[in-house]
Amino acid sequence: MDHLEDLIAGLGSGLAFGLVGFAVLVVGYVVIDALTPGRLGRLIYDDRNVNAAVVAGSAVLALAAIVTTAIATSDDQLVEGLLDTAGYGLLGVGLLALAFVVTDRLTPGRLGELVCAPGERIHPATIVTALTHLALGAVVAAAIA
């Protein structure tokens, strides 16, 4: 019976961490959506905007690395571990938003408009933004570990 109890506890814990991680990813997507002109969903799915998809996807991937590391290194106590995960995940969201704003200030024009411009070609600003997201995700993940 101990195995079944452990399994049930593990499943509950996994569900709780999964929900916290999912919530952080949703918050991150909403923040990136707020920083870019237009609605990302419409830009990506209706307009088939590759630039918007790359920016949104790189932000979600960076946050996934942060949340995964936060979960893997979190406190062994469930509540403390969930708080660790949420806290580091939200830190990652904030840092990604800050990186977007700083990159916007350092580049000519409006970064959001450049990375969401219509067209099927990837704008160089999109590449810089995506790589900045991924680099920051790796840095924050390493800082957590």
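Which residue forms a salt bridge with Asp33, and how far apart are the closest N and O atoms? The partner is Arg39, with the closest N and O atoms 3.1 Å apart. Do keep in mind that this is a predicted model. Below is a short tour of its helices, its nonpolar core and its charged pairs.

**Helix H1**
- H1 has 34 residues and reaches 49 Å from its first C-alpha to its last, close to the 50 Å expected at 1.5 Å a residue.
- Its buried residues are Ala16, Phe17, Val20, Gly21, Val24, Gly28, Ile32 and Asp33.
- The cover over the buried residues of H1 includes H2, H3, H4 and H6.

**Helix H6**
- H6 runs through residues 124–144, and its end C-alpha atoms are 30 Å apart, in agreement with the 30 Å that 21 residues should span at 1.5 Å a residue.
- Buried in H6 are Ala125, Thr126, Thr129, Ala130, His133, Gly137, Val140, Ala141 and Ile144.
- Packing against the buried residues of H6 are helices H1 (2–35), H3 (50–72), H4 (78–106) and H5 (111–115).

**Nonpolar core**
- The largest nonpolar core has 23 residues, and Leu40, Ala52 and Val115 have the most contacts inside it.
- H1, H2 (40–46), H3, H4, H5 and H6 each give two or more residues to this core.
- H3 supplies the largest share of this core, with nine residues.
- Leaving aside residues up to four places away in sequence, Leu40 touches Tyr29, Ile32, Asp33, Ala52 and Ala56.

**Salt bridges**
- The count comes to four salt bridges.
- In the pair from the opening question, Arg39 counts as exposed at 53% relative accessibility, whereas Asp33 counts as buried at 8%.
- Asp46 and Arg42 form another salt bridge, with their closest N and O atoms 4.0 Å apart.
- Both of these residues lie in H2, four residues apart, about one turn of the helix.
- Asp46 is exposed at 56% relative accessibility, and Arg42 is exposed at 52%.
- Asp104 pairs with Arg105 in a salt bridge whose closest N and O atoms are 3.3 Å apart.
- Shared partners join Asp104, Arg105 and Arg110 into one salt-bridge network.

**Around Asp104**
- Asp104 lies in helix H4 and counts as buried because its relative accessibility is 7%, while Arg105 is exposed at 60%.
- Beyond residues up to four places away in sequence, Asp104 touches Gly109, Arg110 and Leu111.

Terms used:
Residues are numbered from 1 along each chain as its sequence is written. This is a predicted model: local features need pLDDT of at least 70, side-chain atom pairs count only at pLDDT 80 or more; totals for chains, interfaces and linings use all residues. Side-chain values use heavy atoms; hydrogens and water are left out. The expected span of a helix is 1.5 Å times one less than its number of residues. Buried means under 20% relative accessible area, exposed over 50%, partly exposed in between (1.4 Å probe, protein chains only). Contact means heavy atoms within 4.5 Å. A nonpolar core is a set of buried Ala, Val, Leu, Ile, Met, Phe, Trp, Tyr and Cys residues joined through side-chain atoms within 4.5 Å. A salt bridge is a side-chain nitrogen of Lys or Arg within 4 Å of a carboxyl oxygen of Asp or Glu.
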